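Hi there,

Here is the structure I said I would pass on to you. Have a look at it first, and then read my notes below.

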Amino acid sequence: MERVGRCHNFRTIQTWVVGAGLVWLLLLSRLMAEDAANNNWCGTQQVFENRLRARGVSALSVTGACPQEGACDNPAVRNTFFSGARIKIIRLFVQVLCADDGSNSAATAQDVAIQIDSLNRDFAPLGIRFEYGLRFVSSSRFRFLTSFAEAEEMKATYAVSPDRQLNVYVTTNGFCTCSYATYPWDPAALTANGGIVMNRERFYPQSAAATTLTHEVGHCLGLWHTHRGVTEVPVCGDCYESVGAADRDITGDFCEDTDPTPSNVTCGPPLGNDPCSGRPWGTTDFQNYMGYAPDPCLAEFSPEQIARMQCWSESSINAVMKASLRCDTLFVAAPSTVNLAASYGGTVSAWRWDFGDGQISTNQNPAHTYAVGGVFDIACTVTTDSGDYTIRGLSPMYVTAETLVVAHKVADTNSSARVDISVDNRVPLTLAVIPFTWAGDFGLRFDSVSTAGLRTAILTTSNGGIAAVNKQLSSGRMTFELRPDSAQPIQSGSGPILSLYFHTPSVLMAGANPIQIVGYDGHLPRLRTIPGEYAPHIVNGSIS
């Protein structure tokens, strides 16, 4: 990572494309007075439409059409990115503008570090991480921009390897309070005219919540505004996203799981009704990063937005990914084989996968068999001309191999008999559902259940609403659910998690009375770990 402690003059001029580029620069030079009073703090859509017009293409707001910009706009293609575990490392190059003499920088190195940390926190649930380089650029002219055209000239002058990294410019936009990005389907995305221009008023620490960069990166990875289908298209036109409409997956922001909404600048749902359906807007998703609510309100991307970003990043701008890991699943039962893949934005002379179970591979795209249960961290180390680089970040591999065991017990007449149910679990458990039955040649009476003294002592039990009569079930079956505190799962280990107490009659018949973990009436034995639920192996017991 390049970090320069003070401003320097990086005046290496890159070739500026004339012709069509100059035409749209003239169009951009029109002052779009969308300042704080109008609460329009993102100019991405306006810049994109101006570029369309410069190429002689009618802008969406004029035509009303809702064309697909690429395969990822097809819901069927997008939805394939719901499955499989992915992590991507995307390269950023942050350029902070300052005065000619190196003073008055738009941000400090510490500001940039905190801003990127915030970006990584916001994208962590998506499996996307960002690494960055940093330089300070001395230019009083570009330190305070007076038009979109000047901003684009700045980008054309100082862009560094825009085909391999996402350039982010931090400066002051004197013509509006907005920042703006580049959609991945824009032909300019991987050119000097791509990247992000961040107004310092929307950058940390002026923006303490630091979510504007998250918003702009969302555009670079393929997201529209959540209000695109209402505010940025002709009302009731072909691309309008109406409340209750059945075609919301192919209109508006192409995400059915983001509610239709007008541009909304509050931490709450918008007022009024949809003019096309007449229905109230409802609660909407004002907390979505791609809306216009205040920074502290923004907290999430929707599942379909996440799938779109995964899709667009791989289909259109994969060149800006420094590294990528992928696994077809991170939740299997032993023994299972999983398929992994790695990529790196540079020349690699060697690959080394560490699967976390003591096994390694030197293949770029290996298949690996997990033979035993457990939670395993995965890493891939690549050897490059500049040294070794270790890629991490895939969620741990959860491999289940759990067995529920019901103990055998020899009991006397007219006495209490305790039968333990044990589990040998290799992964932490957040739920255990244990339906059991008992039968045999004599009237074995069920008395109680307990977790006292066991490694599940913190758990609560529920019989699922099945009523007992005089502590004896006429049906001879019951279900218990052990639900630990979410912060304290049943840790990996072996031993009893539930004790069942029965009373034997005064006269015993010879033989065994089975006590079995058996599913009935929709109650099935199951365990839950962090990624999901699964069925354990069962070993049944008895009282004899």
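Let's start with a disulfide. The S-S bond of C176 and C178 has a torsion of about -50°, so this disulfide is left-handed. A disulfide here is a pair of cysteine sulfur atoms within 2.5 Å, and for C176 and C178 the S to S distance is 2.2 Å. Both ends are tucked away: C176 is buried, with a relative accessible area of 3%, and C178 is buried too, at 2%. "Buried" means under 20% relative accessible area, "exposed" means over 50%, and "partly exposed" is in between, using a 1.4 Å probe and protein chains only.

Before you go further, keep in mind that this is a predicted model, where local features need pLDDT of at least 70, side-chain atom pairs count only at pLDDT 80 or more, and totals for chains, interfaces and linings use all residues. Residues are numbered from 1 along each chain as its sequence is written, and side-chain values use heavy atoms, with hydrogens and water left out.

How many disulfides does the rule give? The count comes to 5.

One of them joins C66 to C239, with an S to S distance of 2.1 Å. C66 sits in the loop between helix 3 (60-63) and helix 4 (75-79), while C239 is in the loop between helix 9 and helix 10, so the pair ties together parts that are 173 residues apart in sequence. When I say helix or strand, I mean a DSSP run (helices are H or I with at least four residues, strands are E with at least two), numbered from the N terminus. C66 is buried, with a relative accessible area of 17%, and C239 is buried at 1%.

Another disulfide is formed by C72 and C311, whose sulfur atoms are 2.0 Å apart. What is the handedness of the disulfide of C72 and C311? The torsion about its S-S bond is about -85°, so it is left-handed. C72 lies in the loop between helix 3 and helix 4, and C311 is in helix 10, so this pair ties together parts that are 239 residues apart in sequence. C72 is buried, with a relative accessible area of 2%, and C311 counts as buried at 2% as well.

Two further cysteines to look up are C255, which is buried at 1% relative accessibility, and C327, which is buried at 0%.

You'll find P205 in the loop between strand 5 (196-199) and helix 8 (212-220). The bond from A334 to P335 is cis as well, with omega near -10°, and P335 is in the loop between strand 7 (331-333) and strand 8 (336-344).

Then look at phi. F254 has a positive phi of about 60°, although it is not a glycine. F254 lies in the loop between helix 9 (228-231) and helix 10 (303-315). Is F254 buried or exposed? It is buried, with a relative accessible area of 1%. T284 also has a positive phi, near 55°, and is a residue other than glycine. T284 is in the loop between helix 9 and helix 10, and it is buried at 5%.

**A sheet to trace**

Strands of a sheet pair through backbone hydrogen bonds, either parallel or antiparallel. In this model there is an open sheet of 5 strands in the order 20-23-18-16-27, with mixed pairing; two strands count as paired if DSSP finds at least two bridges between them. Strand 20 (445-450) and strand 27 (537-539) stand at the edges with a single partner strand each, so one side of each is left without a neighbour in the sheet. Strand 20 and strand 23 (residues 493-503) run antiparallel and are joined by 5 bridges.

**One last residue**

F142 is found in helix 6 (residues 140-143) and is buried, with a relative accessible area of 1%. F142 and T172 are 30 residues apart in sequence and 8.3 Å apart in space, C-alpha to C-alpha.

Happy exploring!
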